[in-house]
Amino acid sequence: MNRRDLLLTLTAAAAARGIRPWSAGPSKSRADRPVPSAAQLAWQRDELALFVHFGVNTFTDREWGDGTEDPRLFDPARLDAGQWVRTAKAGGFRTLILTAKHHDGFCLWPSETTTHSVRSSPWRGGQGDVVREMVDACRREGLGVGLYLSPWDRHEPSYGDSPRYNDLYARQLTELLTRYGPLVEVWFDGANGEGPNGKRQEYDWPRVHRLVRELQPGALMFSDAGPDIRWIGNERGTAGDPNWCSVDPSVVPVPGLSGDHIIRALQHGDPHGTVWRPGEADVSIRPGWFWHPAENDRVRTPDDLVQLYFSSVGRNAGLLLNVPPSTTGLFHEADVRALEAFGERLRALFADDLARGARVQASGTADRGHGAPNATDGDPDTYWSSPPPGAGTRSWIALEWREAVTFDTICLQEAIRHGQHVAAHSLEMLDGGRWVPLARGTTIGYQRLHRVPAIRTAGLRLTMDASFAPPRLSRLAVYDGTN
């Protein structure tokens with residue numbers, strides 16, 4: 001869709017709901033537009049989380065176990081959660097999420113609800129607890145902890161007897177929520193297969209959500225549709241464009257939904273949505289989610305990981321990258337090298353913000369406390385706010401350098417503490433005293449990254465082409481990734 005079609009679509013959709021996009025003329029800010037909770041804001045600023053798929057599948061060389069696996073297969077001789085955490089930290093990741101139980105039903109903690117757990121394995125003499133070891137390693141290094149508890153359990157005989165299994169699942173969840181201290185994220189999906197008795201299990205999601213709210217009030221819940229973080233609609237690590245943090249809960253109300261219109265809603269969100277549910281883009285560093293020896297030479301390259309960052313975090317989503325330990329209990333050296341190089345490249349790319357040395361001008365300022373220089377001061381809590389424009393005008397903010405600079409990456413951020421409003425924007429560069437088009441985009445949200453061919457210019461201008469309220473821009477940054 002070109003920019004003209006996008007603006008027409010946005011305007012028509014807004015008019016149908018009695019909302020006038022800000023660029024159509026002066027309008028008051030929508031007081032009922034959603035904003036993030038403190039936990040959601042912190043989650044988006046963390047940007048990167050590491051998914052750790054580990055369990056009996058690691059030892060059977062399968063993606064989905066069937067629940068008949070012998071627990072004695074689980075015996076990682078060199079398990080070191082500290083290595084996982086150190087590698088994650090080197091790559092710039094701020095949270096680790098562990099598959100405490102996958103679809104095969106094998107529990108990585110000594111659950112009181114089943115014998116199908118590490119308690120029945122030879123690892124650590126049956127006294128081990130993978131969840132505890134990862135939690136402790138994360139706490140030592142200051143990283144957040146998340147846990148995934150599969151609702152589908154192919155081992156548990158009560159699966160398919162909905163009331164009985166829901167009670168068991170609630171007990172397992174309670175163990176995880178009460179034994180390991182504060183969690184950042186509790187990860188669910190809608191996996192729902194046939195139980196051994198051939199009956200379809202009906203999950204009690206309201207009960208699950210109440211448990212998390214009661215026992216881990218600071219944790220965010222991920223599932224297909226929230227209630228706090230939504231799936232981005234694919235497992236390629238790619239967010240939609242546009243991508244709104246707000247969604248319509250009548251379209252994406254519960255886990256396990258499908259259909260093209262729902263996938264589109266997950267990918268793009270809804271500018272008129274009434275709840276704040278930012279998207280999380282999950283993807284694996286390998287073709288599979290569990291470790292397979294045949295995939296040791298198919299690990300994503302650092303260049304590919306950087307591209308994933310641009311297509312997820314750079315499009316207003318969080319990135320959840322899966323890295324599976326091997327049968328030793330360690331990340332494979334190929335994965336470690338890729339993650340370390342990824343972290344080094346991101347740190348090098350974003351080390352020197354050329355906007356900090358530029359003169360900043362804008363079309364106007366809402367008030368003295370929110371002037372244009374706030375967009376380049378590096379503080380995510382300060383911002384430039386434009387007053388409503390006159391008829392037929394759009395707000396802009398520009399950087400001008402005394403001498404031309406070279407760059408290929410532009411970073412934009414809204415002050416999302418106050419909501420997400422920008423629907424379309426454009427960038428221009430100064431060329432021979434004239435402003436010429438450089439790039440166009442739709443939403444900004446927490447972050448929008450533009451990669452452009454390396455250019456040399458003394459000026460860069462950002463124009464807000466459509467917004468549902470006067471935009472609050474917290475960051476306009478420029479980087480040279482060619483060095």
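## A tour of salt bridges and cores

Start by selecting Arg164 and Asp161: they form a salt bridge, with the closest N and O atoms 3.8 Å apart (a side-chain nitrogen of Lys or Arg within 4 Å of a carboxyl oxygen of Asp or Glu). Asp161 is partly exposed, at 27% relative accessibility (buried is under 20% relative accessible area, exposed over 50%, partly exposed in between, using a 1.4 Å probe and protein chains only).

A word on what is on your screen: this is a predicted model, where local features need pLDDT of at least 70 and side-chain atom pairs count only at pLDDT 80 or more, while totals for chains, interfaces and linings use all residues. Residues are numbered from 1 along each chain as its sequence is written, and side-chain values use heavy atoms, leaving out hydrogens and water.

Next, select Asp153 and Lys101, a salt bridge whose closest N and O atoms are 3.0 Å apart. Asp153 sits in the loop between β3 (144–149) and α6 (162–179) and Lys101 in strand β2 (residues 95–101), so the pair ties together parts 52 residues apart in sequence (helices, H or I, of at least four residues and strands, E, of at least two are DSSP runs numbered from the N terminus). Both Asp153 and Lys101 are buried.

Now pick Arg45, Asp381 and Arg417, which are linked in a salt-bridge network. The whole structure holds 23 salt bridges.

Finally, select Val130, one of the residues touching the most other members of the largest nonpolar core, which has 81 residues (buried Ala, Val, Leu, Ile, Met, Phe, Trp, Tyr and Cys joined through side-chain atoms within 4.5 Å). A second, separate core of 28 residues includes Trp401 and Val452.
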